[in-house]
Amino acid sequence: MAAFDRRDLIGGLMLVVAGAVPLADTVTYPMGTLKRLGPGFFPTVLCVMLIVFGIVILVGAMTRDGPGPAVDWRPLGSVSAGLLVFALTVDSLGLAPAVVLLVAIATLADRPYRPRRTLILAAILTVACVLVFQVGLGMKMPILRWPF
Amino acid sequence: MGVLDNLAAGFDVALTPVNLFYCFVGVFFGTFVGTLPGIGAMAAISILLPITFYLEPTAAIIMLAGIYYGGVAGGSTASILLNLPGSPSTAVTCLDGYPMAQKGKAGLALLTATLASFIGGTAGIVILTAFAPALAELAVDFGPAEYFMLTVFGLIATATIASGSAVKGLAMVVLGMLFGTVGTDVYTAQFRLTYGLWDLAEGIDLIALSLGLFGVSEVIASIDRIGARPQATQRVSMRSMLPTRDDLRRAAAPVLRGTGIGSALGALPGTGATLASFIAYAFEKRLARDPSKFGKGAIEGVAAPESANNSAVQTAFIPTLTLGIPGDGVMALMLAALMIHGIVPGPAVVSKHPDLFWGLVASFWIGNVMLLVLHIPLIGIWVRLLQVPYHLLYPAILVLICIGVYSVNMSPFGVYLVLFFGLVGYAMRLLGFEPAPLIVGFVLGPMLENHLRRAMLLARGDVTFFVERPISAGLLVVSVAVLVWMLGSELRSRAAGRRPVSAPDG
């Protein structure tokens, strides 16, 4: 069993997937003729190129050794969850609760987690957002909603 | 009208209170985010992009440009005081700037960086003023074939020269173009890659894409890295900035050489401020009688890269404004901002929108003077700003990102897109793919497809059309040459058993 450059192995594989998945769709669009290129031509060429680049990187990764990527799981999880909850709540609950939830969840990445500091920060940011975006720039965003 | 008349008219535009105000906002905000590590000019421009919808195009572009060159100038503060680059193009400044600060010469290092930036920036503007209109005149006769080949050349140069790996850079350009095809095809109204999502019918929102790639992924990658860093403790007084006669003498020549290198590289596609700063530093080190003093606090090691990156920032506007070919990710955003305002980038910008072009050029002069004021008497503000801990900063950045993208369509869909591209961007960061070529591909991809389809229609399906026209054929040859050369040098360096040098991201 030979050694692999694990970082490029993953990278190459992801490129192949990123090319193959849309390819399944783009080949169903009209290709057109050389004179009148259809909507399928350009994206199909791009997908094929992505797959080729992916394979080139994969082959290169098999010829040498290398470490895998070091993932910061905690920040990755907390920031993603914070954004997701903001997107889920901003329309139903309004801006203020969504900002508070975003800050509370995203800062779970901090070690140690300080709930009091987070609450103060969330409050300041919420007030600042309302002042800047609602009062200052005149954007019409619902601040607080009662969905029930 | 001569250049000076045009420039005078430009100053009339740039000196109106509104444009002056947005120039200051841009330069100030740029210095702000440039100083802070963990948020770059790309993220800052993306955050402010929705606000520019409400502005005149000239004011909008003046502000966005100010963020860019302000950010590059501001990045040196963190490099010198914390050994942590505030923006990628000031990473080299750490090498000698931080040792200078440790020797108690932080003030001198900051002043050197500011003056070198000012001189480099000013020289870059002179070159922009002199060459951009001429280049634009040259490109007036370009047809779809020439533009197609020019775009191909720009994409190849961006993908291969600036990134660590040519293959990875090319893959990112192609991926960016693929993201660019999402939405309704303008010729046939065919939905492409929308996967049944109505929100994608008009394509992927550039703001969501760049905020995810540069904002969210940068935050994720910085929380553990910057969170535990030492705080800046130095106090920098005006008195500590005063250089000796010897300092000035040693810094003068490196500034001039750095300016030359930066101006040349900035104007080429694919070679931006970051590469210019690296090359200027390496050049000084090779030229020095005693190379061993570099890395230990040599003033030349601050002067050369700082003048190079700031002159490159200014000349980078030449291909962007005259040919519509952005050299890096920031220029791609700038181009997109112009298009949002209905201005078609290309040689016609100089002739059809002289107030915008010359107003922008004039605003560069004004902005660079503002930078001097922001950095010399007010340096204390930025030093204190570096004392704000990152764990208070990044929640604020995330809130700004979320509200910014939500406000574009008043729909949470943009936030989901930001999340998606944040994850994509973080994965790319981990796997050694650079985001800048992706965003250039995303902006240029739809134009490339458009040029291709129009050229094929004009040529009645004859592929030799691209070779028969001399300029198009010449660009094709240059593109292939760059491609072969870069792939070849990558193969050679692989064979020699070393990884290609890549610029660290910030």
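How many disulfides does a search of the whole structure find over all chains? The search finds zero, a disulfide being a pair of cysteine sulfur atoms within 2.5 Å.

The model is predicted: local features need pLDDT of at least 70, side-chain atom pairs count only at pLDDT 80 or more, and totals for chains, interfaces and linings use all residues. Residues are numbered from 1 along each chain as its sequence is written, chains are lettered from A and ligands numbered from 1 in the order in which they are written, and side-chain values use heavy atoms, with hydrogens and water left out.

View 1. Buried means under 20% relative accessible area, exposed over 50%, and partly exposed in between (1.4 Å probe, protein chains only).

**View 2. Helix 3 (residues 73-89) and helix 4 (residues 95-106) of chain A.** Helices (H or I, at least four residues) and strands (E, at least two) are DSSP runs, numbered from the N terminus. The two axes come within 8 Å and cross at roughly 170°; axes are lines fitted to C-alpha atoms, for helices over the stretch in contact, and angles run from 0 to 180 degrees between N-to-C directions. Helix 3 and helix 4 of chain A are therefore roughly antiparallel. Angles under 35 degrees count as roughly parallel, over 145 as roughly antiparallel, 65 to 115 as roughly perpendicular and the rest as oblique. Residues of helix 3 in the contact include Val79(A), Leu83(A) and Phe86(A), and those of helix 4 include Leu95(A), Leu102(A) and Ile105(A); contact means heavy atoms within 4.5 Å. The contact residues divide into twelve nonpolar, three polar and no charged. Ala, Val, Leu, Ile, Met, Phe, Trp, Tyr, Cys and Pro count as nonpolar, Asp, Glu, Lys and Arg as charged, and the others, Gly among them, as polar.

**View 3. Helix 2 (residues 17-35) and helix 4 (residues 57-82) of chain B.** The axes lie 6 Å apart, at an angle of about 30°. Helix 2 and helix 4 of chain B are therefore roughly parallel. Their contact residues divide into eleven nonpolar, 13 polar and no charged.

**View 4. Helix 11 (residues 245-267) and helix 13 (residues 300-315) of chain B.** This pair packs at an angle of about 30°, with axes 6 Å apart. That makes helix 11 of chain B roughly parallel to helix 13 of chain B. Among the residues that meet are Arg250(B), Gly258(B) and Gly262(B) in helix 11 and Glu300(B), Ala304(B) and Ala308(B) in helix 13. The contact has eight nonpolar, eight polar and two charged residues.

View 5. Asp96(B) is buried, with a relative accessible area of 0%. Not counting residues up to four places away in sequence, Asp96(B) touches residues including Tyr281(B), Lys293(B), Lys296(B) and Val302(B). Gly121(B) is 25 residues from Asp96(B) in sequence and 21 Å away in space, C-alpha to C-alpha.

**View 6. Positive phi at Ala189(B) and Met410(B).** Ala189(B), with phi near 60°, lies in the loop between strand 1 (183-184) and strand 2 (191-192) of chain B. Ala189(B) is exposed, at a relative accessible area of 54%. Met410(B) has a phi of about 50° and sits in the loop between helix 19 (390-409) and helix 20 (413-431) of chain B. Met410(B) counts as partly exposed, with 33% relative accessibility.
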